[in-house]
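Colleague: I would like to go through this model with you and ask what stands behind each label. Please set each value against its definition.

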Amino acid sequence: MEAHERGFFTEEDSVAVVTGRNQKAKDERLKQVMEVVTRKLHEAAKEIEPTQDEWMQAILFLTRTGQICNEWRQEYILLSDVLGVSMLVDAINNRKPSGASESTVLGPFHVADAPELPMGANICLDAKGEDMFIEGRILDTEGRPVADAVIDVWQANDEGFYDVQQKGIQPDFNLRGIFRTGPDGRYWFRAVKPKYYPIPDDGPVGQLLGQLGRHPYRPAHLHYIIKADGYDTLVTHIFDPDDPYINSDAVFGVKESLLARFNKVDDPTRAREYGFASDFWDVDYDFVLARKGEA
């Protein structure tokens with residue numbers, strides 16, 4: 001009888017011994033997951049051959065990561081983000097049919113109870129930043145407009161902060177709003193041009209990025225959640241292609257199809273129509289929803 005068959009641990013049979021203890025797992029999916037995780041972890045340890053001190057440093061890193069988590073900060077999600085795992089899980093769970101808009105990560109600053117606003121409203125409540133007009137259509141994969149689509153939008157301000165990060169400085173629900181399309185599927189609203197910003201980098205994950213020679217910045221973007229009866233919910237962003245960090249997003253959220261065109265417009269007549277004092281930015285971007293079950 002081999003050592004692993006008797007339950008004895010050896011370097012060569014480490015995976016078989018450990019996973020062999022899980023045969024009476026109450027949840028088959030958990031058993032499957034732990035078999036894969038154990039195998040990959042053991043493969044990594046055998047390839048890297050960490051010293052005892054290096055392994056302890058890894059354990060202490062994970063300990064510090066957990067210690068900094070609280071009700072408003074989730075450092076483990078941040079770790080998942082900067083390792084690209086969040087985007088990989090998102091991609092696996094949001095495979096789209098041809099022509100449908102791509103998804104990306106939700107991010108930590110969504111607020112569930114943002115107000116529903118009339119189409120065309122200005123979501124900037126403090127009049128700070130460069131004016132911007134955003135418009136487009138919500139379509140299905142056949143190019144037909146989607147009526148009664150609910151569009152939840154939010155963004156950082158011109159300094160790179162969300163309202164929830166600056167309580168008492170920005171008004172509540174600043175740069176947030178919910179809009180609903182009519183029969184033509186069209187949407188439009190006013191905002192300000194967003195700016196790039198750093199993910200929280202004062203904790204273990206930020207220190208790791210620094211040691212790896214990586215910056216903590218996300219390129220400028222607007223967040224969207226788009227829902228409509230009969231369609232898969234779309235969680236996504238649109239990005240400014242001219243942002244200095246567009247090719248090095250700290251959390252890997254940029255996809256080429258999500259690059260929008262941010263055009264500077266010097267047209268006093270249009271500016272007056274939108275309630276702007278002078279020139280403004282114009283963004284025109286259509287979203288395509290996949291029907292539930294559409295392959």
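Colleague: How do you know which residues line the largest pocket, and which are closest to its centre?

Modeller: A lining residue has an atom within 4 Å of a point. The largest pocket has 28 of them, and Trp72, Leu78, Pro108, Phe109 and Pro200 are the closest to the centre. Helix 4 (75-82), helix 5 (85-93) and strand 5 (197-198) each supply at least two lining residues, with helix 4 giving the most, four. Helices (H or I, at least four residues) and strands (E, at least two) are DSSP runs, numbered from the N terminus.

Colleague: Why are 16 residues of that lining called nonpolar?

Modeller: Because Ala, Val, Leu, Ile, Met, Phe, Trp, Tyr, Cys and Pro count as nonpolar, Asp, Glu, Lys and Arg as charged, and the others, Gly among them, as polar. The rest of the lining of the largest pocket is six polar and six charged residues.

Colleague: What is the volume of the second largest pocket, and which helix gives the largest share of its lining?

Modeller: The volume is about 400 Å³. Helix 2 gives the largest share of the lining, six residues. Among the lining residues are Lys40, His42, Gln52 and Trp55, and the whole lining divides into seven nonpolar, three polar and two charged.

Colleague: What makes Glu75, Leu78, Leu79, Asp81 and Val82 of helix 4 buried residues?

Modeller: Buried means under 20% relative accessible area, exposed over 50%, partly exposed in between (1.4 Å probe, protein chains only). Those five residues of helix 4 are buried, so each falls under 20%. They cover an arc of only 160 degrees around the axis, which puts them on the same side of helix 4. The arc is that of the directions from the helix axis to the C-beta atoms.

Colleague: What do the buried residues of helix 4 pack against?

Modeller: They pack against helix 3, helix 5 and helix 6 (204-211), where contact means heavy atoms within 4.5 Å. On helix 5 the buried residues are Ser86, Met87 and Asp90. They cover an arc of only 95 degrees around the axis, which puts them on the same side of helix 5. The buried residues of helix 5 pack against helix 4.

Colleague: Why is a set of 33 residues called a nonpolar core?

Modeller: Because a nonpolar core is a set of buried Ala, Val, Leu, Ile, Met, Phe, Trp, Tyr and Cys residues joined through side-chain atoms within 4.5 Å. The largest has 33 residues, and those with the most contacts inside it include Ile134, Tyr187 and Phe287. Strand 4 (186-192) is one of the strands that supply at least two residues of this core, and the largest share, four residues, comes from strand 4. Apart from it lies another core, of 11 residues, among them Phe61, Leu78, Val82 and Leu209.

Colleague: How are residues numbered, and which pLDDT limits apply?

Modeller: Residues are numbered from 1 along each chain as its sequence is written, and side-chain values use heavy atoms, with hydrogens and water left out. As the model is predicted, local features need pLDDT of at least 70 and side-chain atom pairs count only at pLDDT 80 or more, while totals for chains, interfaces and linings use all residues.

Notes. On a 1 Å grid over the protein atoms alone, a cavity is a set of points where a 1.4 Å probe fits but cannot get out, and a pocket is an open set with protein on both sides within 12 Å along at least five of seven lines; lining residues have an atom within 4 Å of a point. Grid points are joined across faces, edges and corners, and a volume is the space filled by probe spheres set on the points.
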